[in-house]
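Subject: Structure for you to look at

Hello,

I am handing over a structure that you have not worked with before. Please open it first and keep it at hand while you read the notes.

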Amino acid sequence: MDLKFTLVSIALGVLFLAQFGESQYATFDITKYGAKANSDISEAVGKAFKEACASTSPSRIVIPKGTFQMNQVKLVGPCKGPIELQIQAILKAPSNPNQIKVGEWLTVNYLDHFTMSGGGTLDGQGKAAWECKKSKKCTKLPNNLSFNSLTNSIIKDITTLDSKSFHVNVNQCKNLTFINFKVSAPANSPNTDGIHVARSSSVTITESAFSTGDDCISVGDETEQLHITKVTCGPGHGISVGSLGGNPNEKPVVGVFVKNCTFTSTDNGVRIKTWPASHPGVVSDIHFEDIIVQNVSNPVLIDQVYCPSGKCNKNLPSRVKISKVSIQNIKGTSRTQNAVTLLCSKGTPCEGVEVGDIDISYSGKGPAKSSCENIKPSLKGKQNPPICSAPLATAAAAESS
């Protein structure tokens, strides 16, 4: 079901692009609006977008090959016709985080049939910002990209590099596909999630590569039908549903499919994380399948006492209900002995969890192990290590950020 959905989504996107011939696109080259290499092009991009947005025929904004500086840009629809933002260039954000006062470096809002393409790179120049954050002189840092209220749209052949905070934030989008998308940042870069998806439905992320300092992909509340396939992750903190339950009135996460993905030297592989002493919530219909883990600290992890700061009340259980989870065909190596950790809430135990065809070996001395609390999974196929064979001795292994 998930693979079929992914293929249909991509096929529809390709069909949409193909139905308009090259000659039918109205082209808006930013160099015709005063853009020059190694200088700020934000005004030129804004002018080109304004004209393209007013066009009733499909429009293409072109940022040609070269290196350009770009200050904060916000592209806001709705527009009269489909728009493609073709970034062929290397775009460089201001290195000083204070030059981007509120929000993201590049924001795209309220567009239907939007495409971002071109093979270009958005360089967030995050090093100075990370140092500022570590010294606690900076609190809120900008993301590289934010997509809000997009429908029937495609992001393809784009690299986001060294974002100051999240590389991409996806919010209130429907039928959005990322394909051949690349995220790159050092392993020690703080809070640099690759793609964060929340309050969105029918999002597909496929054939993409993530190397960053936080979650490769993170999933927030009110996410429905998220399909992640053929993704590589590492370094990073893995693919995470959550953290959830930290805020009141969070809406359910329903339908997350992670399939045919590879994790290399990550802190986690696939995980679901919720806060202890949390607000109520729901996580359901989650599927992790055909996963390769190579030297991963926590290959499979459900963590309902997620508390990276150590300032949580662990005596009060998480009130996020986790149910209908399948964990199938996970293979590879763990750099910690607890290869599978299923630590569920004592207040709302996990239900309907199915685990099977697990073959994960410990790269150190001794056999790999699993540990469980407040869960009775149904088991099938191979189980290496044996699932829920011992109680959890400590939650420390589950408290990666």
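Predicted model: local features only at pLDDT ≥ 70, side-chain atom pairs only at ≥ 80, totals over all residues.

Strand β2 covers residues 59-63, and five of its five residues are buried. The side chains are divided between two directions: S59, I61 and I63 point one way, while R60 and V62 point the other way. Residues on both sides of β2 are buried, R60 included.

Two strands pair with β2. One is β1, residues 26-29, which runs parallel to β2 and is joined to it by four bridges. In this pairing T27 is the residue opposite R60. The other is β5, residues 83-87, also parallel to β2, with five bridges between them.

**The largest pocket**

The volume of the largest pocket comes to about 510 Å³. Its lining is made up of 22 residues. If you want to find the pocket on screen, look for F166, N191, D193, S243 and K273, which are the lining residues nearest its centre.

Which strand gives the most to this lining? That is β18, with three residues. β18 spans residues 239-244, and β16, residues 217-219, is another strand that supplies at least two lining residues.

Sorted by class, the lining has eight charged residues, eight polar and six nonpolar.

**Residue I322**

I322 sits in strand β23, which spans residues 320-334. Is I322 buried or exposed? Its relative accessible area is 0%, and because buried means under 20%, I322 counts as buried.

What does I322 touch, leaving aside residues up to four places away in sequence? The list is I272, T274, V283, I302, Q304, P349, C350 and E351.

For a distance to check in your viewer, take I322 and L342: they are 20 residues apart along the chain, and their C-alpha atoms are 11 Å apart.

Regards

Technical notes. Residues numbered from 1 in each chain as written. Heavy atoms only, no water. Buried < 20%, exposed > 50% of the residue type's maximum accessible area, 1.4 Å probe, protein only. Contact = heavy atoms within 4.5 Å. 1 Å grid on protein atoms, 1.4 Å probe; cavity = no way out; pocket = protein on both sides within 12 Å on 5 of 7 lines; lining within 4 Å. Points joined across faces, edges and corners; volume = space filled by probe spheres on them. Nonpolar A, V, L, I, M, F, W, Y, C, P; charged D, E, K, R; others polar. Pairing = 2+ DSSP bridges.
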